[in-house]
Structures are given as C-alpha cells and as structure tokens.
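Dear colleague,

Please read them with the sequence and the model open beside you.

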Number of protein chains: 2
Amino acid sequence: VTALDSGILVLTGGTGGAKLVRGLERALGGAALGVIVNTGDDLTCWGLRVSPDIDSVTYALADLLSRERGWGIEGDTFQCLDQMRRLGAPAWFQLGDRDLALHLTRTELLREGKTLTETTAEIAKAFGISARILPMSDDAVETRVLTTEGELSFQEYFVRERFRPQVKSVRFIGAENATPAPGVLAGIASAAAVVIAPSNPITSIGPILAVPGIRDALRWTDAPVIAVSPIVAGAAVSGPAGDLMKAAGLPVSLEGIALAYADFLDVLVADSQDVGAHVSDSQIELLFTDTIMRTDDDKLRLAQFIIAVAMDRHRKVMVG
Amino acid sequence: VTALDSGILVLTGGTGGAKLVRGLERALGGAALGVIVNTGDDLTCWGLRVSPDIDSVTYALADLLSRERGWGIEGDTFQCLDQMRRLGAPAWFQLGDRDLALHLTRTELLREGKTLTETTAEIAKAFGISARILPMSDDAVETRVLTTEGELSFQEYFVRERFRPQVKSVRFIGAENATPAPGVLAGIASAAAVVIAPSNPITSIGPILAVPGIRDALRWTDAPVIAVSPIVAGAAVSGPAGDLMKAAGLPVSLEGIALAYADFLDVLVADSQDVGAHVSDSQIELLFTDTIMRTDDDKLRLAQFIIAVAMDRHRKVMVG
C-alpha cells in the first residue's frame with residue numbers, strides 16, 4: 001500500500017459504515033486509516049454522554065461490535081438497564097453493562113475539560129486501536145427530524161419510534177456555527193483517498209457535510225472521493241435512508257446518492273444487484289461489486305475493492 | 001406500637017446497621033422508622049457519586065441487599081467493572097451492574113441541583129421504601145484515616161487496602177463547617193427512641209457525631225438512646241472497629257463502647273456471649289441478648305428486643 005501511505009480517510013455514521021471501517025482496518029492496518037464520524041446523533045442518557053456512531057466505529061475497530069445487533073458489544077448484558085427501568089428512568093435507549101464503561105469514561109473525560117476529539121482518541125487508545133477516529137466537530141450539532149408527529153431528536157426518531165413517523169424535513173442545530181474538529185480538514189486535504197461509507201446520506205453523512213468547511217474540503221482535495229451506495233435495488237440496505245432521501249427530494253436510487261454528493265464525488269461503488277444502472281452525471285464513475293457485508297470476509301473483500309479503486313485513481317493522478 | 005408513634009430513629013453506617021434497620025422495618029413498618037446515615041465514606045467512582053452507607057440502608061430496606069457480600073445487590077453481575085478494568089480505570093471499588101442504576105440516578109439528581117437529602121428521598125421512593133432515610137448532612141464530610149502508610153480515604157483504607165495498614169488517627173474533613181441535614185435534629189428531638197446501630201463507633205457513628213449539633217441533640221433529647229454493641233467478646237463482629245477504637249485510645253470492649261457514647265447513652269445492648277460483663281458508668285443500663293444477625297429472623301428478633309426496651313423506657317418516662 002505504498003501509494004496510499006498518506007492513508008484512506010472514511011466519512012461515516014451508522015452500522016454499514018462501521019462494518020466497512022473494520023474491513024479497511026483489516027486490509028490496511030490501522031496506521032493508514034482515518035475515520036471522520038457523524039456526531040449529530042449524540043445524546044445524554046442517564047447523565048452519560050453517548051456518541052452512537054463513534055461508539056460503533058470504536059467497537060468495530062476493537063473487534064467488539066455485536067454482530068447480531070449491529071450496535072453495542074457482542075454478548076453484552078443489560079442488568080443496569082433493567083434496574084433503571086424499575087427505577088422509572090427512560091429505558092428505550094439501550095446501554096449494555098459492558099458498554100457503560102465507554103460512556104462512563106467519555107463522560108468523565110469531557111467533565112475534566114477534554115474535547116470530544118481528545119476523549120475519542122484516549123478511549124481508542126485504551127481499546128488498543130491504532131486507526132485515527134475523529135468526530136466531525138468538537139462543537140455540538142444536533143440532528144432534528146421533523147415528522148408528522150412532531151420534531152424528534154435522531155435517536156428518538158430512529159430508536160424510540162423505530163423510524164415509523166413520516167418525515168417532513170431534517171435540520172442540524174448548531175451546524176452553521178460549528179467548526180471541523182482538529183485534523184478533519186487537513187485529513188481530507190492530505191488523504192490518498194476519501195471514502196464515503198455506505199451510510200445514510202441525510203442523517204449520517206449529512207451532518208458531517210453541514211459543518212462549514214468540510215464540503216469545500218471534499219470539493220478541493222486532490223484525493224479521489226469514492227462513495228459506497230447505501231441504496232441497493234431501490235431501497236436502503238438497512239434503516240430509514242429511503243424515507244429520509246424522499247423527504248429531502250432525492251430519488252431512492254443510485255441517482256439519488258449521486259445527486260447528494262454531486263459536487264465532490266469521483267466514484268460511486270454500487271452493488272452487483274444494480275449492474276446496468278446509470279447515473280446522469282458523467283463525471284461520476286460507476287463501479288459494481290458485492291457491497292452487502294454479512295461476514296468479516298464480505299467486509300474485507302469490499303475494503304480491498306475500494307483500496308484497488310483508490311490505488312488505480314491515485315496512479316492516474318500521479319501519471320497525470 | 002402506639003407508644004412509639006413518633007417513631008424509632010436509627011443512627012447507622014456499615015453492614016451491621018443496615019441489617020438492624022431491615023429488622024426494625026419488618027417489625028415496625030417503614031412509616032415509624034427514620035434512619036440517619038453516615039456519609040463520611042462517600043466517594044466519586046468513575047464520575048459517579050457513591051454513598052456506600054446510604055446505599056446499604058436503601059438496599060436493605062428494598063430487600064435487595066446481598067446476603068453473601070453484605071453490600072450491593074443480591075445476585076448482581078460485574079460486567080461493567082470488568083470492562084472498566086480493561087480500559088485501565090481503577091477497579092478496586094466494585095460497582096455491580098444493577099447497582100450502577102442507583103449511582104447513575106443519584107449523580108444525575110445531584111447534577112440537577114438537588115441536595116443529597118432530596119436525592120436520597122427520591123431514590124428511596126423509586127425503590128418503594130416508606131422509611132425515612134436521611135444523610136447526616138448535605139455538606140461534604142470526608143473521613144480520612146492516617147495510617148503508618150500515609151493518609152487514606154475511608155474506602156481506600158477499608159476496601160482497597162482491606163484495613164491492613166496500622167491506624168494512627170482519624171479525622172473528618174469538613175465536619176466542623178457541616179450542618180445536620182434537614183430533619184436530623186428535629187428527628188432526634190421528637191423520636192420515641194434513638195437507636196445507635198451496631199456500627200463502628202469511630203468511622204460509622206463518629207462522623208455523624210462530628211457534625212455540630214447532632215451530639216448535643218442526643219444529649220438533650222427526651223427519647224432514650226439505645227446502642228447495640230458492635231464489639232462482642234472483645235472483638236469487632238466484622239471490619240476494623242477494633243483497630244480504630246484502639247487508635248482512638250478506647251478499649252475494645254463494652255467499656256469502650258460505653259465510653260464512646262458516655263455523654264448521651266441510656267442503654268447498651270450487648271451480646272449474650274458477654275453476659276456477666278460490666279461497664280463503669282452506672283448511668284448506662286447494660287442488657288444482654290443475641291445480637292449476631294445471620295438470618296432475617298435474627299434481625300427481626302434483635303429489632304423486637306430493641307423495640308421492647310424502647311417501649312419499656314418510654315413507659316417509664318411517661319409514668320415519670
């Protein structure tokens with residue numbers, strides 16, 4: 001991977017992204033991997049600061065992520081949650097017993113005055129992770145989902161209401177005044193390739209792009225920007241991406257993903273099920289491979305495909 | 001129990017006290033029971049506010065207290081502790097997974113600006129407890145143990161070092177500026193009887209007595225003050241009471257307990273094993289019964305003995 005020694009930088013949020021990050025880490029090693037993570041879903045639960053997307057990436061890289069659930073720690077128990085429920089506390093956001101250790105540690109580091117960037121790095125180190133995990137911003141950005149049943153936080157919409165209410169629009173409170181976390185803009189500028197994970201373009205990648213400066217950095221970077229489509233055969237692989245794209249006026253298709261990232265995307269990696277599909281924008285190269293990640297081998301294979309694309313693009317840039 | 005309708009008020013700390021409180025609650029019902037609890041052992045662990053003695057009383061009254069351990073919740077698991085240890089956090093103070101719910105709740109209520117008194121009452125209510133549990137003070141009082149290996153917090157001395165270091169002296173930081181929690185002085189003044197639990201007189205009852213006003217209230221109350229000896233056959237039933245009494249210049253005997261409480265004690269309840277023993281102070285009535293509480297029946301029986309003593313004393317006061 002000598003041509004990629006400045007590394008691959010992934011923008012991610014949610015479950016699919018965490019899986020791909022794990023595959024890239026297995027393929028490249030952690031030292032050549034940077035991850036910029038959505039924090040628009042962050043919440044305070046039982047007084048603890050929870051960053052669901054950072055947590056998923058951390059557990060994926062520590063090889064602890066639950067395979068059956070897609071969030072939290074494999075084989076975790078829920079004794080504390082059960083007791084909190086008995087004490088009358090809200091129990092819809094499920095924190096596992098082992099999982100609590102991460103949130104207790106984050107909450108204490110933040111209370112000591114450390115930034116989310118520093119806190120995230122310290123926790124990653126404690127888990128033995130060598131890849132660099134960066135929050136999109138150290139400033140608070142809160143994704144709010146306006147539905148026909150009122151405005152909800154993202155976790156209220158996604159977890160508590162199981163994305164049942166019909167979405168009208170989405171906004172990111174605080175985004176306009178947020179600044180990218182230290183290392184984010186430089187990372188995009190110096191990366192060998194930028195990968196947009198197969199994440200929800202509205203509420204996983206959308207908040208990252210809403211932080212002033214990040215979208216421009218993606219437009220200006222010399223690195224190829226490669227997205228993996230979260231939409232396969234006209235529907236989201238998991239979660240509410242389809243509903244949210246519709247609400248944003250985007251078609252639920254590869255065309256919709258291409259439109260969402262039109263101003264900076266070089267390559268769109270789509271699933272083999274969509275072979276034959278096209279996108280209108282001729283500047284975007286459309287490639288097909290198996291993108292559904294059920295096993296560790298699936299993750300590794302998709303990661304290797306992306307690395308090959310990145311090296312090929314890189315070579316073209318180098319050769320001119 | 002009509003003669004006791006102003007209730008029994010217990011001063012307590014530690015394991016033996018929690019057991020007796022449970023026995024009294026079974027005998028009297030919660031409505032006629034008040035408990036003033038030592039908070040000198042309180043600590044912050046993983047950013048959570050822990051009040052070990054209040055917790056033990058709360059769990060005892062909720063019938064959740066672990067019988068094998070004497071602290072924490074019966075049958076609790078320690079998954080979070082295990083993960084904290086892996087993350088490099090201090091793990092000598094063992095918080096169970098179900099136990100965490102109480103500490104998370106307390107920490108959040110305190111952060112909202114509630115006092116420890118209000119927080120303790122709110123948690124007791126959530127556990128369905130009708131007895132009134134009062135911290136000795138809403139102000140911070142910290143028990144420090146000066147040993148031949150340096151000065152330690154009480155939990156460092158008791159739990160981390162397993163009360164192995166030799167004790168030179170004990171002090172209660174903040175006690176001189178602390179005020180009794182709301183209800184403490186009025187409770188002592190209006191109680192039908194005050195019971196000093198079979199707790200360590202130096203580090204369980206000592207901090208309560210060090211809060212200005214409480215010792216005087218015990219001297220002045222019309223209620224009989226009845227102590228149960230934590231010393232049986234010249235040694236502490238459990239824990240470091242013997243070492244701490246020696247360091248304070250007290251004999252490790254009934255005489256030592258009588259001396260510790262000489263200025264306010266009316267009755268000393270001692271164990272049957274000590275039948276025949278005397279105390280120098282002729283103002284203190286010495287009574288013998290089985291005081292070792294192994295089973296729920298033991299707790300109830302000792303409680304009933306104390307209630308009978310209290311009613312007898314009360315009758316004498318009433319009759320004149």
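A definition is needed at the start: helices (H or I, at least four residues) and strands (E, at least two) are DSSP runs, and they are numbered from the N terminus. Residues are numbered from 1 along each chain as its sequence is written, chains are lettered from A and ligands numbered from 1 in the order in which they are written, and hydrogens and water are left out of the side-chain values, which use heavy atoms. Please keep in mind that this is a predicted model, in which local features need pLDDT of at least 70 and side-chain atom pairs count only at pLDDT 80 or more, whereas totals for chains, interfaces and linings use all residues.

I begin with helix α12 (residues 296–319) of chain B, where B:D296 and B:K299 are three residues apart and therefore separated by about one helical turn. These two residues form a salt bridge, with their closest N and O atoms 3.0 Å apart; the term stands for a side-chain nitrogen of Lys or Arg within 4 Å of a carboxyl oxygen of Asp or Glu. B:D296 is partly exposed, at a relative accessible area of 25%, while B:K299 is buried, at 9%. In these notes buried means under 20% relative accessible area, exposed means over 50%, and partly exposed is in between, with a 1.4 Å probe and protein chains only.

In chain A, A:D296 and A:K299 belong to a network of salt bridges that also links A:R22, A:E25, A:D63 and A:R67. Over all chains the structure holds 44 salt bridges.

Next comes the relation between the two chains.

How many residues of chain A are in contact with chain B? There are 24, and they meet 24 residues of chain B, where contact means heavy atoms within 4.5 Å. Because 100% of the interface residues of chain A are also interface residues in chain B, the copies meet through the same surface. The area buried between the chains is about 2200 Å², and carbon and sulfur atoms give 59% of it; buried area is the accessible area (1.4 Å probe) that two parts lose on being put together, summed over both. On the chain A side, A:L87, A:R98 and A:L104 lose the most area to chain B, together 30% of what that side buries.

The rule finds two salt bridges across this interface. A:R98 forms a salt bridge with B:D82, and the closest N and O atoms of that pair are 2.9 Å apart. On the side of chain A that touches chain B, the elements that give two or more residues are α3 (79–86) and α4 (99–111) of chain A, and α4(A) gives the most, with seven residues.

Leaving aside neighbours within four places in sequence, A:I8 is in contact with several residues, including A:L24, A:L28, A:V195 and A:I307. In soluble globular proteins, nonpolar side chains tend to be buried together.

A:S153 is found in strand β7 (residues 150–153) of chain A and counts as buried, at 14% relative accessibility. Not counting residues up to four places away in sequence, A:S153 touches A:E142, A:T143 and A:R144. A:R144, itself buried with a relative accessible area of 18%, forms a salt bridge with A:E151, the closest N and O atoms being 3.3 Å apart, and A:E151 is partly exposed, at 30%.

With best wishes
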